[in-house]
Amino acid sequence: MKNKKRRREQQPRPAIHPRNKYSENPPDFALLASLYPSFNPFVSYGRDARPRIDWTDFNATRELTRVLLLHDHGLHWWIPDGQLCPTVPNRSNYIHWIEDLLSSEIIPKINNNADNIRGFDIGTGANCIYPLLGASLLGWSFVGTDMMDVALEWAERNVKTNPQISDLIEIRKVNTCMDAVLGEDSSKEDLQCYGSKTNPSNSIGSESAPVPSSRRDDAVEENSYSGPPILFGVVRDGETFDFCMCNPPFFESMEEAGLNPKTSCGGTPQEMVCPGGEKAFITRIIEDSVRLKQSFRWYTSMVGRKSNLKSLIAKLREVGVTIVKTTEFVQGQTCRWGIAWSFVPPARQMISPYVAEKSNLSFMLEGLQRQFGAIHVLQSVESFFHETGASCKLNVHSFSADITASNDHLKGILRNKVGPLEESLGGDCEEEPPSGSDSMPCPSNDLSFRITVFQQIPGTLLVKGSLQRKDGSSSGAFSSIFQRLEGVLKQKFCREKASVAIS
């Protein structure tokens, strides 16, 4: 077991998927501008002579997606103004992760034709990006679903303008009529699960039907989803799929969706917003999967907030899935997570789920005020360690800080119960002192670690810490220091106290 643990420690933290086309060769804006005149007006050059685009310009991001799909994938593509514009490298990461799940053979195949992989894209949107990438890269067939007429029209257009893969993709309209979804012989349980009516605009128009007491608190907390059907009522009788995938509505309101002024990816309220946010939406997918069980080999979804993973995994354990897998998608300064589960019995005995080691820790900063961004958090990290004399070198390009601290520096940090950042605040947030700090194990050498700040959804940042040299005493000291840093940053930047994210 010790040897296995050492091998696991030596594996690098995930970044862009190694099979992603852009893993070694990120998009070359200058080359694309020279090859595609329509893209050229969106490319500018800074003092460092590096080409760049304005990420706040929807037209620029849309044209970049168009030329990348044409240049690297041979796909013709377009969306009208206001529709959600996907980033090609990020969406490719999700496709390749599903490829890993299918090729692992942890869950046995559900069809005899191993070469015929069939996927189901929940809310394919006008962009239809996942079916287009999955079909062109891997030859997979897809059913892509949506309820909005404009999304269905443009998804069909994007499929038909690529005849080389059009036979692999079916665009299916979601029927928002409850009678059509549940049928005339619907059971009382069906009606309780889906509420008294379905509202196509995703707004909750009436009180939901009673749920069992064991689930009532969760339902209230999740602001229960009462929108159109997702899987149950859309998947047809007798259909089977190897997987489903979803880019869920991450936000609870369009105001929340518009908090990040540094990017513009478009998106309609139906694409971006759901009462209860992504947690409620993915919870409904879980509930649907309980009904459909082995109709899918793998159920999957993207997750925008790491803090939602813990409750979603608990929900999956509660409903009796046979396996849960998670991953992390890193693209530039943006992080997303993937969650997958199955009801199919595993083909082989599983090793216990991997628990993140103490040499890699993280927490979320949620509810950031508009004026604060990753660079402000990074500068506060620098001040936090400089106060006790520890070495801290910033890299503003990678939004990271490399810290080296002696035993005296570490003890100084833990003795300062109120640091310089905390003194300037009104005490709106509470901080729990790190447990066991008085008996903190002392590392034999200076402690070296890296702090990195990642942009999440607007108003949310992920702060990661990674220990450079790993041993028992170093891990204990690093954990204590990182916990203190978390309290200080949350007190300075969070509008209200946020729960600690899972590490």
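**Figure 1. Lys 325 in strand β8 of the predicted model.** Lys 325 counts as partly exposed, because its relative accessibility is 30%. The residue belongs to strand β8, which covers residues 323-331. Setting aside neighbours within four places in sequence, Lys 325 is in contact with Trp 97, Leu 101, Ile 106, Trp 298, Gly 338, Ile 339 and Ala 340. Ile 313 is 12 residues apart from Lys 325 along the chain. The C-alpha atoms of these two residues are separated by 9.2 Å.

**Figure 2. Helix α12 packed with helix α13.** Helix α12 spans residues 277-292, and helix α13 spans residues 309-319. Their axes lie 11 Å apart, at an angle of about 15°. The two helices are therefore roughly parallel, as the angle is under 35 degrees. The crossing of α12 and α13 is right-handed. On the α12 side, the contact uses Lys 279, Ile 282, Thr 283, Ile 286, Glu 287 and Val 290. On the α13 side, Ser 311, Leu 312, Lys 315, Leu 316 and Val 319 take part. Six residues of this contact are nonpolar, two are polar and three are charged.

**Figure 3. Lys 293, a non-glycine residue with a positive phi.** Most residues other than glycine have a negative phi. Lys 293 has a phi of about 45°. The residue sits in the loop between α12 and β7 (296-303). Lys 293 is partly exposed, because its relative accessible area is 37%.

**Figure 4. Phe 399, in the loop between β11 and β12.** Strand β11 covers 391-395, and β12 covers 400-405. Phe 399 is not a glycine, yet its phi is positive, at about 50°. At 21% relative accessibility, Phe 399 counts as partly exposed. The cut-off for buried is under 20%.

**Figure 5. Helix α4 and helix α5.** Helix α4 runs over residues 88-104, and helix α5 over residues 129-138. Their axes come within 10 Å and cross at roughly 60°. That angle makes α4 oblique to α5. The crossing of α4 and α5 is right-handed. From α4, the contact draws on Val 88, Arg 91, Ser 92, Tyr 94, Ile 95, His 96 and Glu 99. From α5 come Ile 129, Tyr 130, Leu 133, Gly 134, Leu 137 and Leu 138. The residues of the contact divide into eight nonpolar, three polar and two charged.

**Figure 6. Asn 158 in helix α6.** Helix α6 covers residues 149-160. Asn 158 is buried, because its relative accessible area is 3%. Neighbours within four places in sequence are left aside here. Beyond them, Asn 158 is in contact with His 76, Trp 77, Trp 78, Ile 79, Ala 126, Asn 127 and Leu 132.

**Figure 7. Cysteines Cys 128 and Cys 246.** A disulfide is a covalent bond between the sulfur atoms of two cysteines. The count of disulfides in the model is zero, by a cut-off of 2.5 Å between cysteine sulfur atoms. Cys 246 is in no disulfide. The nearest cysteine sulfur to Cys 246 is that of Cys 244, 7.8 Å away. Cys 246 counts as buried, because its relative accessibility is 1%. Cys 128 is buried too, with a relative accessible area of 0%.

Methods:
Residues numbered from 1 in each chain as written. Predicted model: local features only at pLDDT ≥ 70, side-chain atom pairs only at ≥ 80, totals over all residues. Heavy atoms only, no water. Axes fitted to C-alpha atoms, helices over the stretch in contact; angles between N-to-C directions. Helix = DSSP H or I, 4+ residues; strand = E, 2+ residues; numbered from the N terminus. Parallel < 35°, antiparallel > 145°, perpendicular 65-115°, else oblique. Left-handed = near helix turned anticlockwise from the far one by under 90°. Contact = heavy atoms within 4.5 Å. Nonpolar A, V, L, I, M, F, W, Y, C, P; charged D, E, K, R; others polar. Buried < 20%, exposed > 50% of the residue type's maximum accessible area, 1.4 Å probe, protein only.
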